[in-house]
Amino acid sequence: MNHQGISEISFEETYSVPPEQTARALFSRLPHGSDYAQRLIECLATGYLVAVVESICIREMQRYVDATSEVVVGRTIELEHKGPIPPGSTLKLRGWVERLGQRSAKFCIQASDDHEVVCEGSVILVVAPRVSMESRIAAKIVALGMNSGIGLVEDAPGKCASFDSFSLRE
């Protein structure tokens, strides 16, 4: 991970919102959303907005890591979706690295259309050893195959499992 390069990251670019990224289009493809998808408005789905912002930040960090031994992964995303973004709109996205950790970077981002700021927030990305992430994924795949049906959410009603064991440390 090239700390100097990452510390200097900033970007300004545009994104044209395609019609297939609306809330209605997204939720109609989800089993639990298909019943009410047609009642949603035709604007960019928050999930797609998050994906667009995160993908730009990851792309920028990818330039400063060794792709053979490191992978950039998302850790924390805090975005406020402040206004509707109809399909066909052009978003102006701005971002910069505000804080740098030993293995992470915090991006501040802002997105605007021609009328207003429609999104503000931050994205924290972590540079993880590729082998470590691949091993963790492989272990989970094995565990899912051996323990299907065990430890489901229904087993512990009203209680959330701790995510401490899943967090990536700086």
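Biologist: Which side chain does Glu13 meet in a salt bridge?

Modeller: Arg59, at 2.5 Å, N to O. A salt bridge here is a side-chain nitrogen of Lys or Arg within 4 Å of a carboxyl oxygen of Asp or Glu. This is a predicted model: local features need pLDDT of at least 70, side-chain atom pairs count only at pLDDT 80 or more, and totals for chains, interfaces and linings use all residues. Residues are numbered from 1 along each chain as its sequence is written, and side-chain values use heavy atoms, with hydrogens and water left out.

Biologist: What does the Glu13 and Arg59 pair tie together?

Modeller: Glu13 is in strand 1 (residues 10-16) and Arg59 in helix 3 (residues 46-62), so the pair joins parts 46 residues apart in sequence. Helices (H or I, at least four residues) and strands (E, at least two) are DSSP runs, numbered from the N terminus.

Biologist: Which residues are in the network with Glu13?

Modeller: Arg59, Glu60 and Arg63 are linked with Glu13 in a network of salt bridges.

Biologist: New topic. What does Glu70 pair with?

Modeller: Arg103, with the closest N and O atoms 3.2 Å apart. Glu70 sits in strand 2 (residues 70-81), Arg103 in the loop between strand 3 (90-100) and strand 4 (104-112), 33 residues apart.

Biologist: Is Glu70 buried or exposed?

Modeller: Buried, at 8% relative accessible area. Buried means under 20%, exposed over 50%, partly exposed in between (1.4 Å probe, protein chains only). Arg103 is partly exposed at 23%.

Biologist: How many salt bridges does the structure hold?

Modeller: 8.
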